[in-house]
Amino acid sequence: QVQLVESGGGSVQAGGSLRLSCAVSGYTASTYFVAWFRQPPGREREGVAVIHSQGHYTRYADSVKGRFTLSQDDAKSTVYLQMNSLKPEDTAVYYCATDTLEDGGKAYNYWGQGTQVTVS
């Protein structure tokens, strides 16, 4: 069973930094995507960033490009989202999700529980 657990959220002042972690486990294949989404208060969920399991592909939303950086550890057991120069509009619940490609890449089929990020 694929599992994802987010951590690292908190409250920071504008201009500060946080590093979110997504611990992943249970994959039966080596090719998949891990993505970060966020849902600001009163707004729809939006994509933030995505990384391929082998690390050769990353994408960022325009709103975070140049400020947020994805990475993963050598064992590929944790995906990190380094968030710098945080703005109040970055305030949201951040979710880690994975697309295992079992359905041909139609949807992110596993999700973490979310972690709150508050910027003031």
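In which loop does Ser85 lie? This tour returns to that residue at its last stop, where the answer is given.

**Before starting**

The structure is a predicted model, in which local features need pLDDT of at least 70 and side-chain atom pairs count only at pLDDT 80 or more, while totals for chains, interfaces and linings use all residues. Residues are numbered from 1 along each chain as its sequence is written, and side-chain values use heavy atoms, with hydrogens and water left out.

**Stop 1: the open sheet**

Select β1, β3, β8 and β7. Strands here are DSSP runs (E, at least two residues), numbered from the N terminus. These 4 strands form an open sheet in the order β1-β3-β8-β7, with antiparallel pairing. Two strands count as paired if DSSP finds at least two bridges between them. At the edges stand β1 (3-7) and β7 (68-72); each has a single partner strand, so one side of each lacks a neighbour in the sheet. From one strand to the next, the twist averages 15 degrees; the angle is taken between N-to-C directions, on a scale from 0 to 180 degrees, using axes that are lines fitted to C-alpha atoms.

To find one of them, select Gln3 and its bridge partner in β3, Ser25. Strands of a sheet pair through backbone hydrogen bonds, either parallel or antiparallel.

**Stop 2**

Select β9 (92-99). Is this strand mostly covered or mostly uncovered? It is mostly covered, since 6 of the 8 residues of β9 are buried; buried means under 20% relative accessible area, exposed means over 50%, and partly exposed lies in between (1.4 Å probe, protein chains only).

- β4 (33-39) runs antiparallel to β9 and is joined to it by 7 bridges; Phe33 stands opposite Asp99 in β9.
- β11 (115-119) pairs with β9 in the antiparallel sense over 3 bridges; the partner of Ala92 in β11 is Val117.
- β10 (residues 110-111) is antiparallel to β9, with 2 bridges; the partner of Ala97 in β10 is Trp111.

Stay with Ala97, which lies in β9. Ala97 is buried, as its relative accessible area is 0%. Leaving aside neighbours within four places in sequence, Ala97 is in contact (heavy atoms within 4.5 Å) with Leu4, Phe33, Val34, Ala35, Phe37, Tyr108, Tyr110 and Trp111. A distance can also be displayed: the C-alpha atoms of Ala97 and Val117, 20 residues apart along the chain, are separated by 17 Å.

**Stop 3: the nonpolar core**

Select Trp36, Leu81, Met83 and Tyr94. These residues have the most contacts inside the largest nonpolar core, which has 26 residues. Such a core is a set of buried Ala, Val, Leu, Ile, Met, Phe, Trp, Tyr and Cys residues joined through side-chain atoms within 4.5 Å. Several strands supply at least two residues each, including β5 (46-52) and β8 (78-83). The largest share, 4 residues, comes from β3. In soluble globular proteins, nonpolar side chains tend to be buried together.

Then focus on Tyr94. Beyond its neighbours within four places in sequence, its contacts include Glu6, Leu20, Trp36, Val48, Phe68, Leu81, Met83 and Val117.

**Stop 4: a cavity and a pocket**

Select Val24, Tyr32, Val34, Ser53, Gln72, Lys76 and Val79, which line the largest cavity. About 40 Å³ of space lies in this cavity. For the largest pocket, select Ala35, Trp36, Phe37, Gly47, Val48, Ala49, Val50, Arg59, Tyr60, Ala61 and Tyr108. The volume of this pocket is about 190 Å³, and β5 gives the most to its lining, with 4 residues.

On a 1 Å grid over the protein atoms alone, a cavity is a set of points where a 1.4 Å probe fits but cannot get out; a pocket is an open set with protein on both sides within 12 Å along at least five of seven lines; lining residues have an atom within 4 Å of a point. Grid points are joined across faces, edges and corners, and a volume is the space filled by probe spheres set on the points.

**Stop 5: two loop residues**

Select Ser85, which lies in the loop between β8 and β9. Ser85 is not a glycine, yet it has a positive phi of about 50 degrees. At a relative accessible area of 42%, Ser85 is partly exposed.

Finally, select Leu101, in the loop between β9 and β10. Its phi is also positive, near 70 degrees, and Leu101 is partly exposed at 30% relative accessibility. Most residues other than glycine have a negative phi.
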